[in-house]
Amino acid sequence: MVVKGKLKMALVAEKEVDFKKLNLKKKEKAARKKKAQKGGDKLESNGKVEEVWEDVEEAAEDSGSDGDEEATESAPMQIDFEGIDESDSDSSAGENDQENDLEDDEDDEDIPVSDLEDLDDEEKEDMIPHQRLTINNTVALTAALKRIALPTSKVPFSEHQSITTSAPVVIEDVSDDLNRELAFYAQSLSAAQEGRKLLKAEGVKFTRPTDYFAEMVKADEHMAKIKAKLIDEAASKKASSDARKQRDLKKFGKQVQVAKLQERDKERKTTMEKIKVLKRKRQGADTETTNEADIFDVALEDETAKPSRKDRIGPNKRQKKDEKFGFGGKKRFKKSGDAMSSGDLTGFSSKKMKGGAKPRPGKARRAAKK
Amino acid sequence: MSAYKALSKSNGDKQEAPANGIKKNKQRVLILSSRGITYSRKDAKLDTKSKLYQLNELAELYNCNNVFFFEARKGKDLYLWMSKAPNGPTVKMHMQNLHTMEELHFTGNCLKGSRPLLSFDASFDKEPHLRVLKELFMHIFGVPKGARKAKPFVDHVMGFTLADGKIWIRNYQISETEPSKISTSTDSTDAKPKVKKNADGKETEISLVEIGPRFVLTPIVIQEGSFGGPIIYENKEFVSPNQVRSEIRLKKAGRYNQRAEQGVERLAKKGELGLRTNGGRKAKVDELDTGTLFA
């Protein structure tokens, strides 16, 4: 065995009392099991238990060597050695050998699991093969606790600064992030409040003065990074909300535009119709049929519709175009100069020729004039 | 109690015992990690994973009575060992959902080395193994009064909560809104601020800002000694991450097996019907087949 120094001696010394108890317990259990069933080779295991303390050191390791096995035997809970042969294909090779060994051993100790063994193969397949069973050696745990425990009730609060909640924190669903964190927060908050009270009662400084500067857990660069990130987040949020607003506005603006156009169209149509009616009336074709109300109505509409300007659009345009581009007749040489055109001096001005006309001012000056 | 006394004496922190005879809480923690952990000092790593008892010697070398050891496995699983050197107990836990301060971008901050308030869920007092855990947390995460680099103010609180069989750990900054100058000045100057505090009456509002990191621990095993000794607690609900992974793999393999089996069955069926060119049963020669009719 390795290093059998003072540590082990100390350990043994520490353990002595418990160990006797445990041994007794172990024997009891073994006896019970013997009765229950299984081969006679159990007795052997009882004999082996005596050398338990030889291999304490190795117990922490997971090498899977002989020492390892022995170490697991050394566990104070009853373990029988059949379990080791009975290894049900261990997938996590090399990983938690020690624990797996243990759990294998435990398997036949537990009645429900052994009962399950007579299940048919199909159901067994669905079972998780590595059902771990809790070792919970209360006696040893309390002893260990007693060994290390700080006398929290005797020393002033400022020595340990630990606060336990009055009621257990209940978290219904651990995957519910918000409520879980809220419970954690509430727990710590109540502790902070209580702690402050207790510390101040003991006259211990609590609040950090604002002018106290010292090295912080997070360095300034780190905090700057966090700040930058926060700013970034806020900026991106703002940008996205702005973009959305713009998008909405655009959509809405288009609708407004379309509505306006439609309205204008409609207006034009109605006015045109009215003009037509009016024209017919002027021609006197159906003046007889119109009654007074109609006359009044039309006159009113006329006032609003400004027909004089619209009136010109129709036939006048065609006429002008015809004049300009010609309608009917020969178009050839129409634009060429002849005696008449060359004799025409309407476009000539001696004043202009002499440079009397002011040159057009520059762009800036024109803009300034406006 | 005697063990506690002995530990206090062997502690490296040079502290004078107070005059009134109350024992000091003296803790020194050796923090180490195995290879494969990047978030730590690069030089200080324990090479071995099988001989963890060496940590005891290291702890003795550095006058530490606590060991806090991170063990990384396969570059993806992180285990945390907490031990009271040299006599134990030792707790092995599986660490999950670890988010470092770097990742989390929390706005909280606190003094480096200020003593934390430790807040425990009352559930820790229910079972002996949880009480052991609580005690260890208290020793390892608590900063003893008068520790060498400790700052004189309390500005953060660590929360240990039990939920779903796991221990959830959070770290918050205590921020006091509208910190009244009067209270702080009386704090720092007055020798006996008790009376004044009560007379003062008004307290600032406390709110918390998370600092990070966050992590969840699943206790696996408690050993009686320090990195050795019999196992006095083992958690049956803990499923090793290897097992989880292997089960996933097995599930996938199961799907393949099923498909392969189906293929074989189909072949056999076709063979039965005489639809395969080689192997299987030959189809009976029908007299009405074109081949036989016009032979």
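This is a predicted model: local features need pLDDT of at least 70, side-chain atom pairs count only at pLDDT 80 or more; totals for chains, interfaces and linings use all residues.
**Chain B overall**

- Of the 295 residues in chain B, 39% are buried.
- Taking contacts in chain B between residues at least 6 apart in sequence, 64% link residues at least 24 apart.

**Strand 8 of chain B and its partners**

- Strand 7 (residues 156-163) of chain B runs antiparallel to strand 8 of chain B, and 8 bridges join the two.
- Within that pairing, Phe160(B) has Ile169(B) in strand 8 of chain B as its bridge partner.
- Strands 7 and 8 of chain B make a hairpin with 2 residues between them. In the turn, Asp164(B) has a positive phi of about 60°.
- Strand 9 (residues 205-210) of chain B pairs with strand 8 of chain B over 6 bridges, in the antiparallel sense. Here Tyr172(B) stands opposite Glu210(B) of strand 9 of chain B.
- Strand 10 (residues 214-223) of chain B also pairs with strand 8 of chain B in the antiparallel sense, over 3 bridges. For Trp168(B), the bridge partner in strand 10 of chain B is Val216(B).

**Where helices of chains A and B meet**

- Helix 8 (residues 138-148) of chain A and helix 4 (residues 128-141) of chain B have axes that come within 9 Å and cross at roughly 25°.
- Angles under 35 degrees count as roughly parallel, and helix 8 of chain A and helix 4 of chain B are therefore roughly parallel to each other.
- The crossing of helix 8 of chain A past helix 4 of chain B is left-handed.
- On the chain A side, the contact is made by Thr138(A), Leu141(A), Thr142(A), Ala144(A), Leu145(A) and Ile148(A) of helix 8. Facing them in helix 4 of chain B are Pro128(B), His129(B), Arg131(B), Val132(B) and Glu135(B).
- Sorted by class, the contact of helix 8 of chain A with helix 4 of chain B has 6 nonpolar, 3 polar and 2 charged residues.

Notes. Residues are numbered from 1 along each chain as its sequence is written. Chains are lettered from A and ligands numbered from 1 in the order in which they are written. Axes are lines fitted to C-alpha atoms, for helices over the stretch in contact, and angles run from 0 to 180 degrees between N-to-C directions. Helices (H or I, at least four residues) and strands (E, at least two) are DSSP runs, numbered from the N terminus. Angles under 35 degrees count as roughly parallel, over 145 as roughly antiparallel, 65 to 115 as roughly perpendicular and the rest as oblique. A crossing is left-handed if the near helix is turned anticlockwise from the far one by less than a right angle, and right-handed if clockwise. Two residues are in contact if their C-beta atoms, placed from the backbone, lie within 7 Å. Ala, Val, Leu, Ile, Met, Phe, Trp, Tyr, Cys and Pro count as nonpolar, Asp, Glu, Lys and Arg as charged, and the others, Gly among them, as polar. Two strands pair if DSSP finds at least two bridges between them. A residue is buried if 20 or more other C-beta atoms lie within 10 Å of its own, exposed if 12 or fewer, and partly exposed in between; C-beta atoms are placed from the backbone.
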